[in-house]
Amino acid sequence: MPPPRAATIGASALFVLAAAVNAPAANLPKSCVLELSARDASGNTVLQTVAYALDRPGLVLAPLSPAARLRPRWERLQTTSDPGLSGPDAGRDAIEVTEVLMQDPGRDLLLLRAPGVRACDASLEGAAEVPSDGAGAPSARTEGEPLIGIRDRDGYRPRVFQARLDTLIDTGDGATLMKIRIPDGGGAASGFVLDQKQHLIGFILPPPPGGDRLFACAVPIDRRELDLAASGTGRKVSDALAEPRAEDFRQTAAGLWAQALLLTRDDQTDQALALLDGVARLSGESDRLLVERGFRRFRIGRTDAAIEDFARAARLNPRLHVARFNLGVALGNAGRYTEAIEAFSRALEIDPGHAQTRYQLALALMAARQSDRAREVWQGLESIDPALARDLREALAF
């Protein structure tokens with residue numbers, strides 16, 4: 001009996017994403033998007049990066065890495081309305097940045113005080129307030145929901161892009177990552193993520209060199225944390241950024257995760273695996289990390305190692321469907337059909353409506369010479385996904 005056809009193993013996400021929603025730049029809140037500039041002693045601009053005004057006057061969020069770049073060459077920071085998104089009248093009156101209220105290398109994030117910056121009203125006319133848990137924290141995001149991104153300068157590409165939330169990942173160190181899909185493949189440098197009501201929900205981390213331009217990683221922003229930081233006195237810009245540690249965020253669990261998720265080519269697998277091993281050293285092996293690592297190993301032919309990862313993920317989280325499904329695919333690929341049947345059967349107990357699990361289970365049953373059971377599985381698939389059931393019937397020649 002020939003082996004079952006290879007299946008597509010899923011990484012951390014199991015969602016098929018629809019086309020991006022329409023989110024033209026003209027609809028963005030013009031007063032929120034800023035440009036942060038660093039100037040030298042002669043007043044020359046030595047760097048520029050994207051920033052964002054909060055809904056309290058004088059508060060600005062910005063990425064740490066660009067702000068700290070070339071630090072010995074600049075003496076002051078200023079912010080203006082971004083001319084790329086705010087129209088021809090923007091950028092005329094620069095506002096001095098006076099204090100660093102929060103400097104977080106772990107998320108590459110700065111909270112700055114710039115007296116004179118207007119409070120931003122990020123909501124559309126008639127839009128509801130940001131849903132919260134009653135304590136000021138935003139409600140949980142929904143994987144698959146449409147988003148709007150604002151990225152730092154990126155050649156001639158527009159700085160506003162449509163996106164969808166692909167996966168939420170617990171990095172194991174108390175932080176959460178949002179992996180977002182960018183359908184136009186334009187990538188994203190440092191920037192911000194908004195929901196469809198144009199409320200600020202996250203900060204985009206700088207991608208690694210060679211990162212997949214179909215994705216970006218962002219950290220959620222908790223308004224309560226910003227309020228606490230803004231309630232006190234910060235440090236002068238010259239003091240706070242005198243010894244920049246712009247690369248520190250890359251060495252945190254969240255930073256390592258973010259880099260690994262964007263290194264998706266086969267020739268980047270060893271680099272991505274080394275980053276995931278770094279996550280494991282910092283915060284331990286989570287089910288999601290094991291699934292991601294197993295996926296990378298399977299794709300380049302390290303099937304035995306992938307089986308071990310998927311099996312450990314399934315033991316850590318017995319209700320994680322993707323771990324059981326991937327384990328079944330890897331076992332089938334290795335010719336271990338009896339074990340693959342068990343893995344797919346357990347996956348079906350978790351998600352009885354998952355059509356691909358039924359499809360792969362039937363293939364494994366046929367490979368194990370259990371044609372009667374395979375036919376039963378095929379019959380169950382007909383009511384769930386008739387097209388896939390037809391493909392299965394042709395593959396198994398019922």
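Author: Let me begin with helix H7, which passes helix H9 in a left-handed crossing. Please keep in mind throughout that this is a predicted model.

Reader: Which residues of H7 and H9 make the contact?

Author: On the H7 side the contact is made by Arg-288, Val-291 and Phe-298, while H9 brings in Val-322, Ala-323, Asn-326, Val-329, Ala-330 and Asn-333. Sorted by class, this contact of H7 with H9 has 6 nonpolar, 2 polar and 1 charged residues.

Reader: And at what angle do the axes of H7 and H9 cross?

Author: The axes of H7, residues 287-299, and H9, residues 321-333, cross at roughly 25° and come within 11 Å. Angles under 35 degrees count as roughly parallel, and that makes H7 roughly parallel to H9.

Reader: OK, now H11 and H13: how far apart are their axes?

Author: Helix H11, residues 355-367, and helix H13, residues 386-396, have their axes 10 Å apart and pack at an angle of about 10°. H11 and H13 are therefore roughly parallel to each other.

Reader: What does each of H11 and H13 put into the contact?

Author: From H11 come Ala-355, Gln-356, Tyr-359, Ala-362, Leu-363 and Met-366, and from H13 come Leu-388, Asp-391, Leu-392, Ala-395 and Leu-396. By class, the contact of H11 with H13 has 9 nonpolar, 1 polar and 1 charged residues.

Reader: Let's switch to the sheets. What is the strand order in the open sheet of 8 strands?

Author: The order in that open sheet is E5-E4-E1-E2-E3-E7-E6-E14, and the pairing is antiparallel. Its edge strands are E5 (95-96) and E14 (235-236), each of which pairs on one side only.

Reader: Starting from the E5 end, how many bridges join E4 and E5?

Author: E4 and E5 pair over 2 bridges in the antiparallel sense, and the bridge partner of Thr-79 in E5 is Ile-95. Strand E4 (residues 76-81) also pairs with strand E1 (residues 33-39), again in the antiparallel sense, over 6 bridges. In that pairing Thr-79 in E4 stands opposite Leu-36.

Reader: Further along, how do E6 and E7 run, parallel or antiparallel?

Author: Strand E6 (residues 99-104) and strand E7 (residues 109-113) run antiparallel and are joined by 5 bridges. Met-102, for instance, stands opposite Leu-111 in E7.

Reader: Which residue forms a salt bridge with Arg-113?

Author: Arg-113 forms a salt bridge with Glu-99, and their closest N and O atoms are 2.7 Å apart. Arg-113 lies in strand E7 and Glu-99 in strand E6, so that this pair, 14 residues apart, links distant parts of the chain. The structure holds 19 salt bridges.

Reader: Which strands does helix H3 lie across?

Author: Helix H3, residues 223-230, lies across strand E3 (59-63) as well as E6 and E7, and runs at about 140° to E6.

Reader: One last topic, the barrel: in what order do its 6 strands close?

Author: The 6 strands close into the barrel in the order E8-E9-E10-E13-E12-E11, with antiparallel pairing. From one strand to the next the twist averages 40°.

Reader: Can you take E8 and E9 as an example from there: over how many bridges do they pair?

Author: Strand E8 (residues 146-151) and strand E9 (residues 160-170) pair over 5 bridges in the antiparallel sense.

How values were computed
Residues numbered from 1 in each chain as written. Predicted model: local features only at pLDDT ≥ 70, side-chain atom pairs only at ≥ 80, totals over all residues. Heavy atoms only, no water. Axes fitted to C-alpha atoms, helices over the stretch in contact; angles between N-to-C directions. Helix = DSSP H or I, 4+ residues; strand = E, 2+ residues; numbered from the N terminus. Parallel < 35°, antiparallel > 145°, perpendicular 65-115°, else oblique. Left-handed = near helix turned anticlockwise from the far one by under 90°. Contact = heavy atoms within 4.5 Å. Nonpolar A, V, L, I, M, F, W, Y, C, P; charged D, E, K, R; others polar. Pairing = 2+ DSSP bridges. Salt bridge = Lys/Arg side-chain N within 4 Å of Asp/Glu carboxyl O.
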